[in-house]
Amino acid sequence: MRIGLLGGSFNPPHAAHRAVSLYALKRLDLDRVWWLVSPANPLKDARALRALSERAAAASAMASDPRIDISCLEAVIGTRYTIDTITYLRRRCANVRFVWIMGADNLEQFHRWENWQRIAAAVPIAVVDRPPHSFRALAAPAAQALARWRLPEARADRLATHRLPAWVFLTGMKSRLSSTGLRNRDGTWMDGSLKT
């Protein structure tokens with residue numbers, strides 16, 4: 001079983017989350033994608049964050065595909081950092097090949113994540129191009145530090161089983177949608193932000 005992990009606040013979930021998941025299923029030859037709805041991102045201001053249950057329900061409505069599962073695992077197991085979630089999953093799902101999925105905007109600041117080097121050593125990473133972040137992401141400290149382990153995009157379907165560390169940069173997705181762009185200044189979600 002090959003499972004992609006797409007973590008985030010999903011505040012709000014949007015059509016690009018779904019598009020990235022469907023794209024990853026195809027390009028990475030995955031069986032499923034799990035959306036890990038985070039209780040709170042340590043690198044973001046949580047004051048404008050909607051309730052976890054509300055974000056999970058909205059994510060479920062947005063996903064609208066039987067291969068995409070919505071999970072509030074991090075709240076259940078009490079993890080705050082991605083490395084702890086990945087460690088937990090690898091211990092309990094030894095026969096599953098996980099792939100961490102992130103947008104180029106996250107690669108741009110990946111070096112700020114808690115134990116980012118351990119994340120890269122624990123699970124293969126698929127980075128999905130998100131204009132206008134492409135060039136800044138590939139020039140960022142983490143991308144430069146991991147450059148020698150980057151797979152050619154043509155081998156993306158082998159990422160899940162590749163020796164670690166391994167990552168791939170997937171082009172072709174050009175959505176500029178972002179959760180930040182779909183929130184009003186007061187943190188409320190814009191009307192229509194949950195339409196697929």
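## A buried phenylalanine and its neighbours

Phenylalanine 110 has a relative accessibility of 1%, so the residue counts as buried (under 20% relative accessible area; exposed is over 50% and partly exposed lies in between, with a 1.4 Å probe and protein chains only). This is a predicted model, in which local features need pLDDT of at least 70, side-chain atom pairs count only at pLDDT 80 or more, and totals for chains, interfaces and linings use all residues. Residues are numbered from 1 along each chain as its sequence is written, and side-chain values use heavy atoms, leaving out hydrogens and water.

## Aromatic pairs

Five aromatic pairs turn up across the whole structure (rings of Phe, Tyr and Trp, the last by its six-membered ring, with centres within 6.5 Å; planes under 30 degrees apart are stacked, over 60 edge-to-face, the rest tilted). One of them joins tryptophan 100 and tryptophan 113: with centres 6.3 Å apart and planes at 90°, the pair is edge-to-face. Tryptophan 100 sits in strand β4 (residues 97-103) and tryptophan 113 in the loop between α5 (104-108) and α6 (116-122), so the pair ties together parts 13 residues apart in sequence. Both of these tryptophans are buried.

Phenylalanine 110 also pairs with tryptophan 113, the ring centres being 4.9 Å apart and the planes at 80°, so this pair is edge-to-face. Tryptophan 113 has 14% relative accessibility. Trp100, Phe110, Trp113 and Trp116 form one aromatic cluster.

## Salt bridges

How many salt bridges are there? The count comes to seven (a side-chain nitrogen of Lys or Arg within 4 Å of a carboxyl oxygen of Asp or Glu). Among them is the bridge between glutamate 108 and arginine 136, at 3.1 Å from N to O. Glutamate 108 belongs to helix α5 and arginine 136 to helix α7 (residues 134-139), so this bridge links parts 28 residues apart in sequence. Glutamate 108 is partly exposed at 23%, and arginine 136 is partly exposed at 45%.

Arginine 50 meets glutamate 54 at 2.6 Å, N to O. Aspartate 65 and arginine 67 form another bridge, at 3.0 Å; here aspartate 65 is buried at 15%, whereas arginine 67 is partly exposed at 36%.

## The whole protein

Stepping back, the protein has eight helices and six strands (DSSP runs numbered from the N terminus: H or I of at least four residues for helices, E of at least two for strands). From the N terminus, their order is β-α-β-α-β-α-α-β-α-α-β-α-α-β. Of the 196 residues, 45% are buried.
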